[in-house]
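Me: I would like to go through this model and ask what stands behind the words used for it. Please set each value against its cut-off.

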Amino acid sequence: GGPAPRLWRHATDRDEARAVARAVRDRHGPRTAWSSQAVLVRTHAQAPLLAEALRRAGIPHRVRGAERVLERRAVRDILDLLRRADGPLGACLPDLVALVDGEAPPESPGEDRADVDLVVGLAHDHLRLDPRATAGGFAAWLVATLTAEGDAEVVRDAVTIATFHAAKGLEWPIVHLAGLEDGLVPIAHARTAADRAEEARLLYVAMTRAEDELLCTWAGQRSFGGRMVDRRLTPWLTGLRGRQPSATADTPERSPDWPQRLADQRDR
């Protein structure tokens with residue numbers, strides 16, 4: 001039910017984030033709580049820019065999976081290691097994995113291990129999006145991101161920002177999918193048929209989290225490591241391609257064969 005899914009192209013990732021924040025605010029009202037909306041992305045590394053846009057717009061929000069991470073002893077040890085390191089993040093990843101294994105043995109509580117694994121996953125995501133990232137730079141980004149979201153859990157009525165993975169099993173009346181670009185959807189390192197099939201399944205899971213309305217966005221340019229990189233729409237959603245956004249018109253095109261395309265994706 002509800003309107004057909006819609007797709008917008010924005011000039012840059014920052015333009016996209018601001019547009020998502022506007023769309024979220026436009027759909028909030030006396031009968032539509034903030035918590036009835038979610039913004040879903042493929043990787044954790046995409047969340048901070050969207051969280052910043054929501055914050056600037058005065059929209060309460062929470063990043064699912066990021067709460068209380070900095071309170072974990074193993075996470076603090078990881079941050080200490082990153083801050084002491086003088087070099088690229090990629091060179092530190094083996095040390096991070098070893099530290100995780102040492103600090104979070106099997107007998108440790110599952111919640112502790114899940115939080116530590118989240119940080120390691122963030123490091124991998126960060127490195128994929130910015131191969132030249134430094135260990136210290138990632139540590140600063142991580143603390144800024146998690147600290148900014150540290151008080152989000154006390155706000156009951158808030159928009160959820162989550163990855164496709166973290167959204168499994170959940171539903172919202174209104175869902176915004178952001179960053180639907182080739183290289184993120186599917187993720188660049190998914191090269192085998194099995195990996196790409198899993199990526200297609202993840203996209204389907206994300207799209208079907210919407211109970212009533214699905215809004216999709218992507219950026220023509222995205223910032224990676226301080227440089228702007230040209231992007232293109234994921235080939236899986238070309239049937240929903242919209243026209244260039246403008247300051248006065250933001251109306252997308254709709255594809256009449258969208259249900260069949262989604263059914264094809266589900267069959268894969």
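**Terms and the values behind them**

Reply: Five bridges join strand 5 to strand 6, and the two run parallel. The model is a predicted one.

Me: What makes strand 5 and strand 6 a pair?

Reply: Two strands pair when at least two bridges are found between them. Strand 5 and strand 6 have five bridges, so they count as a pair. One of the facing positions is His176, which stands opposite Leu215 in strand 6.

Me: Which sense does the pairing of strand 2 and strand 5 have, and over how many bridges?

Reply: Strand 2 pairs with strand 5 in the parallel sense, over four bridges. Here Val39 has His176 of strand 5 as its bridge partner. His176 is also opposite Leu215 in strand 6.

Me: How is strand 1 joined to strand 6?

Reply: Strand 1 runs parallel to strand 6 (residues 210-224), with six bridges between them. Arg9 faces Trp218 of strand 6.

Me: How many residues of strand 1 and of strand 5 are buried?

Reply: In strand 1 (residues 6-12), six of the seven residues are buried. In strand 5, five of the six are buried. Across the protein chain of 268 residues, 49% count as buried.

Me: Why is Cys216 called buried?

Reply: The cut-off for buried is under 20% relative accessible area. Cys216 has 0%, so the word applies. Cys92, at 7%, also falls under the cut-off and is therefore buried.

Me: How many disulfides does the structure have?

Reply: A search of the whole structure finds zero disulfides. A pair of cysteine sulfur atoms would have to lie within 2.5 Å to be counted.

Me: Why does Leu240 count as buried, and where is it found?

Reply: Leu240 is found in the loop between strand 7 (227-230) and helix 8 (258-267). Its relative accessibility is 4%, under the 20% limit, so Leu240 is buried. Leu240 and Cys216 are 24 residues apart in sequence, and their C-alpha atoms are 8.8 Å apart.

Me: Why is Gln46 called buried, and what does its side chain reach?

Reply: Gln46 has 7% relative accessibility against a limit of 20%, so it is buried. Gln46 sits in the loop between strand 2 (37-41) and helix 2 (47-56). Its side chain reaches the backbone nitrogen of Thr43 at 2.9 Å, and a polar atom of that side chain lies 3.2 Å from the backbone nitrogen of Arg42. The cut-off for a polar contact is 3.5 Å. Leaving out residues up to four places away in sequence, Gln46 touches Val41, Ala178, Gly179 and Leu184.

Me: What makes Thr163 a buried residue, and which residues does it touch?

Reply: Thr163 lies in strand 4 (residues 159-163). At 6% relative accessibility it is under 20%, so it counts as buried. Not counting residues up to four places away in sequence, Thr163 touches Val41, Arg42, Thr43 and His44. The Thr163 side chain also reaches the backbone nitrogen of Ala166 at 3.1 Å. From Thr163 to Leu202 is 39 residues in sequence and 9.8 Å in space, C-alpha to C-alpha.

Me: Which residues touch the most other members of the largest nonpolar core?

Reply: That core has 30 residues, and Leu40, Phe164, Leu177, Leu180 and Leu203 touch the most other members. Strand 2, strand 5, helix 7 and strand 6 are the elements that give two or more residues to it. Another core, of 19 residues, lies apart from it and includes Leu81, Leu89, Cys92 and Ala123. Among the residues that Phe164 touches are Leu40, Leu177, Leu180 and Leu203.

Me: How do you know that the span of helix 1 is close to the expected one?

Reply: Helix 1 (residues 13-26) has 14 residues and reaches 20 Å from its first C-alpha to its last, against 20 Å expected at 1.5 Å a residue. Its buried residues include Asp13, Glu16, Ala17 and Val20. In an α-helix there are 3.6 residues a turn, so residues three or four places apart point the same way.

Terms used. Residues numbered from 1 in each chain as written. Predicted model: local features only at pLDDT ≥ 70, side-chain atom pairs only at ≥ 80, totals over all residues. Heavy atoms only, no water. Buried < 20%, exposed > 50% of the residue type's maximum accessible area, 1.4 Å probe, protein only. Polar contact = N/O pair within 3.5 Å; in protein donor to acceptor, adjacent residues only side chain to side chain. Contact = heavy atoms within 4.5 Å. Expected span 1.5 Å × (residues − 1). Core = buried A, V, L, I, M, F, W, Y, C linked by side-chain atoms within 4.5 Å.
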